[in-house]
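User: Here is a structure to go through by question and answer. Please keep each reply brief and end it on the value or name asked for.

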2 protein chains.
Amino acid sequence: MSINGNELLQVFEALANPHRLRIVAALREQRKYVSELAREVRMSRPLLYLHLQRLEAAGLVTGNLELSDSGKAMKFYELADFEFHVTSETVAEATKTLQEPPSSKTNEEEE
Amino acid sequence: MSINGNELLQVFEALANPHRLRIVAALREQRKYVSELAREVRMSRPLLYLHLQRLEAAGLVTGNLELSDSGKAMKFYELADFEFHVTSETVAEATKTLQEPPSSKTNEEEE
DNA sequence: TACATATGTAATAAAATTATTACACATGTA
DNA sequence: TACATGTGTAATAATTTTATTACATATGTA
């Protein structure tokens, strides 16, 4: 069983942004909490949240809300283990199971 | 030597779209000319051109203008050979050589 | 209490991507 | 000549993504 088309698409979408590549690289050293990471990659927290959400939705990182020793809430993000082999073959295979969300003009008229 | 950060980003950007995944899959069987491919993936030619350009810019496909037997111009696109191993390690490695275009507020003020 | 540091989100603006429409030009065939 | 089929692109519209600003809430320490 290979990866689902929509999942693979989500992975590509998640990685198709320089900030998010940097976030992945930054998390490689060790897990980090959001504010800490924001300082490191020099990004506002709200924006970082957005990027983290995309990475998490794609399954590339996971977030965990924890309490520090002093009792303060900290949200830690860490990398997930992921490994994709990308060739025209694996892309074509995954694409078989690719489906657009059932919106738009799916089956209005054929010719 | 591994892949350059900006090149890898361009690959992800190219693959981060359902139409383009389908185009890759369609070209897997054999090379096709633009109008032919447009019919197959049910897309207007101008739009297909845009997507093909992105794929070509990323090095995933190549285009060739040829003359058919009858003398009509035909632009054939075919898949390039590509293979990427995507893990947090390869992403982090490539990210080292990632650079934003020298615009925006690169070095306005540090703190 | 005031301040620094956390999390979290809503509203809005800005920018980039995607999509459509309307062209121009060329060749082969009826 | 008229029509079908090909390439190619410019202008514009629509949509999505990215980014900013302004909040609210909570904890620990001076």
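User: How many bridges join E1(A) to E3(A)?

Analyst: Strands here are DSSP runs of at least two residues and helices (H or I) runs of at least four, numbered from the N terminus. Two strands pair if DSSP finds at least two bridges between them. E1(A) and E3(A) run antiparallel, and in E3(A) the bridge partner of Tyr33(A) is Phe76(A). The number of bridges joining E1(A) to E3(A) is 2.

User: What kind of model is this, and which residues do its local features and side-chain pairs need?

Analyst: It is a predicted model, in which local features need pLDDT of at least 70 and side-chain atom pairs count only at pLDDT 80 or more, while totals for chains, interfaces and linings use all residues. Residues are numbered from 1 along each chain as its sequence is written, chains are lettered from A and ligands numbered from 1 in the order in which they are written, and side-chain values use heavy atoms, with hydrogens and water left out.

User: Why do strand E1 (32-33) and strand E2 (61-67) of chain A each have one side without a neighbour in the sheet?

Analyst: The open sheet of chain A has 3 strands in the order E1-E3-E2, paired antiparallel. E1 and E2 of chain A stand at its edges, so one side of each lacks a neighbour in the sheet because each has a single partner strand.

User: In the sheet of chain B, what is the bridge partner of Gly63(B) in E3(B)?

Analyst: Chain B also has an open sheet of 3 strands, with the order E1-E3-E2 and antiparallel pairing. Within this sheet, E2(B) and E3(B) run antiparallel and are joined by 7 bridges. The partner of Gly63(B) in E3(B) is Tyr77(B).

User: Which residue of E4(B) is the bridge partner of His85(A)?

Analyst: Strand E4 of chain A covers residues 83-87 and pairs with E4(B) in the antiparallel sense over 5 bridges. This pairing joins a strand of chain A to a strand of chain B. The bridge partner of His85(A) is His85(B).

User: How much area do chain B and chain A bury between them?

Analyst: Contact, meaning heavy atoms within 4.5 Å, links 31 residues of chain B with 30 residues of chain A. Buried area is the accessible area (1.4 Å probe) that two parts lose on being put together, summed over both. Carbon and sulfur atoms carry 66% of the area buried here, and the total is about 2,800 Å².

User: How many salt bridges and how many residue pairs in polar contact are counted between chain B and chain A?

Analyst: A salt bridge is a side-chain nitrogen of Lys or Arg within 4 Å of a carboxyl oxygen of Asp or Glu. A polar contact is a pair of N or O atoms within 3.5 Å; within protein, one must be able to donate a hydrogen and the other to accept it, and residues adjacent in sequence count only if both atoms are side-chain atoms. The salt-bridge count is 0, and the residue pairs in polar contact, both at pLDDT 80 or more, number 8.

User: Which element gives the most to the side of chain B that touches chain A?

Analyst: Helix H1 (5-15), helix H2 (18-29), strand E4 (83-87) and helix H5 (88-95) of chain B each give two or more residues to that side. With 7 residues, the element that gives the most is H2(B).

User: Which element supplies the largest share of the surface near DNA strand D?

Analyst: A residue is near a strand if one of its heavy atoms lies within 4 Å of it. DNA strand D is surrounded by 25 residues, the closest being Ser70(A), Tyr33(B), Ser35(B), Arg39(B) and Arg45(B). With 5 residues, the largest share comes from H4(A).

User: How far is a polar side-chain atom of His51(A) from a phosphate oxygen of DNA strand D?

Analyst: Of the atoms of DNA strand D within 4 Å of the protein, 68% belong to sugar or phosphate and the rest to bases. For His51(A), the distance is 2.9 Å.

User: Which element supplies the largest share of the surface near DNA strand C?

Analyst: The residues closest to DNA strand C are Tyr33(A), Ser35(A), Arg39(A), Arg45(A) and Ser70(B). A polar side-chain atom of Tyr33(A) lies 2.7 Å from a phosphate oxygen of DNA strand C, and for Arg20(B) the value is 3.1 Å. The largest share, 5 residues, comes from H4(B).
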